[in-house]
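Hello,

I am passing a structure on to you, and I hope you enjoy looking through it. Please open it first and keep it beside you while you read my notes.

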Amino acid sequence: MKVACVGGGPAGLYLSILLKLRDPSHDITVHERNAEGTTYGWGVTYWRGLLDQLRAHDPQTARAVEASSVRWNEGVAHVRDLTTRRPGDEGYGIGRHRLLEILAERARSLGVRLEFGSTITPDDLPAADLVVAGDGVHSALRTRHCDHFGTRIDSGRNRYLWLGTSKAFDAFTFAFVETDHGWIWCYGYGFGPDAGTCVVECAPETWTGLGLDKAPETDGLALLEKLFAGILDGHPLIGRPSADGSTQWLTFRTVTNRTWHRGNVVLIGDAAHTTHYSIGAGTTLALEDAIALAGALHERSALPEALARYERERRAALLSLQSAARHSALWYENLPRYIDLPPQQMFALLGQRHSPLLPYVPPQLYYRIDRAAGQLEALRRLKRWLGPKVAGTMQNRAARR
C-alpha cells in the first residue's frame, strides 16, 4: 500500500512503524506541518497496560520509551493545609518531545519518509491508497467533511492551562487551593529528572475573579507560582510562548464523530475522538488506535472492510473510557460538592470520580457504599450494574426537558 499520514503525532508515527514492520514494501510518508523538534505540551502520562502493548507489537520502541520515562506508584492530594498520600497503580511520564523523537527515529530506521514543514490541505490530498488524518483536535481534513463524519464538539465549562516546571514530582500530585474567588487546582507529575508538568484548572468565575483572563503571561505565572508554592518548592512555572504575550487558557473540547472514515481517508487519535485530560489517556488512545488500524489493514485485504473493522473495534474499546472521562470532568466542575469532606473521604472520591453513580448519590453515602463494596463481592457487582443504569436514566430525563 501507499500510505500518507497527515500529522506527525504519536498516532501517525506509530502506525507507520507498525505497517512497515508487518510489510516493509509499504510506501509510507508522514507529513508534519511543523518543523522537526517543534511540539506543544510538556510531559504525557501512560500506564503499565500501554507498555505491555508496545512490547507485544514492537519491543524496540517499548524499550526506548520505558528507558526515557519516569514512574510513580503513589498519589498525593493537598487540600488547604492538609495532605493525603495513597498508593496507586504504577504510572509513567515521558516528555512529549522525547516520545516523538523516539517514534520518528524508529520510523526512519524502517524506511518511512518523514516530511516536516509539509502542510496538507483538504484540497491537495497526497496521491495514496490510504490517507490517515492524524492532524489533531482541529483536524482540517475532518472539518472539511464534518457533515459526513458527523462531527460533534462540546466545550467544557472550566478553564485550564498546560504548564511546565523544573519540579520533578515523585508522585502524581493534586493541589486544591481556596481563594476569595473560589477554588483553583492543579495536577502535577514528573516526566524527567528535573522536569514536570502542571495542568491548572478552575471555574470560569475564579478565572476572571483572579484576573487570570486579562493578566499578561508573566503576571499570571507569578500569581500561580504563589498559589501553588506549597507543591512547587521554589521551582518556576513555564508557559508556552505566544505572539501577544498572553497566557493560553483553554476550555476542553470533547470531539466525537458518527463515522471515522470517508473513502480512503480515515481519522485517528484526537481527530477521531478526545477524552478529558484528567484521566490521562490521550496518548495511550492514540497509540491504541494505531495498533488497531495496523491490525485491521493487515487482516483485511479490502480497504472499506479494514476501515470498518478498525472503527468498530475502537468504538467498542472507547465506550467505558469516554464515560469515565465525562464523569471525571463533571467531578471537577462540581468540586464544591466534595471539597469539604474529611481528607481521606475526599481523596477516595477523587479516585472514584469516573463512576457514573457518584453524581447521583450523596458523597458520604457513596463513600460508605464504596468501602463496603471493597469487602463484599455481591455489593461490588451491584454497584457496577447500578451506576450506568442510574446515569442513563438521569441523562434521558435531562434530554427530555
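Below are some notes on charged pairs and on one serine.

First, some background: this is a predicted model, in which local features need pLDDT of at least 70 and side-chain atom pairs count only at pLDDT 80 or more, while totals for chains, interfaces and linings use all residues. Residues are numbered from 1 along each chain as its sequence is written, and side-chain values use heavy atoms, with hydrogens and water left out.

Let me begin with the salt bridges. Side chains of opposite charge can pair when their charged atoms come close. The term stands here for a side-chain nitrogen of Lys or Arg within 4 Å of a carboxyl oxygen of Asp or Glu. The structure holds 20 of them.

One joins Arg48 to Glu90, with the closest N and O atoms 3.0 Å apart. This pair links distant parts of the chain, since Arg48 sits in helix α2 (residues 48-57) and Glu90 in strand β5 (residues 82-95), 42 residues apart. Helices (H or I, at least four residues) and strands (E, at least two) are DSSP runs, numbered from the N terminus.

Glu90 also forms a salt bridge with Arg71, where the closest N and O atoms are 3.5 Å apart. Here too distant parts of the chain are linked: Arg71 belongs to strand β4 (residues 70-79), 19 residues from Glu90 in strand β5.

How exposed are these residues? Arg48 is partly exposed at 29% relative accessibility, Glu90 is partly exposed at 27%, and Arg71 is partly exposed at 44%. (Buried means under 20% relative accessible area, exposed over 50%, and partly exposed in between, with a 1.4 Å probe and protein chains only.)

In helix α4 (residues 96-109), Glu101 and Arg98 are three residues apart, so about one helical turn separates them. Their side chains meet in a salt bridge of 2.6 Å, N to O. Glu101 is partly exposed at 32%, and Arg98 is partly exposed at 29%. Elsewhere, salt bridges that share partners join Arg48, Asp52, Arg55, Glu66, Arg71 and Glu90 into one network.

Finally, have a look at Ser278, in the loop between β16 (265-267) and α10 (282-299). With 7% relative accessibility, Ser278 counts as buried. Beyond its neighbours within four places in sequence, Ser278 is in contact (heavy atoms within 4.5 Å) with Tyr187, Ser328, Ala329, Tyr332 and Arg353.

Best wishes
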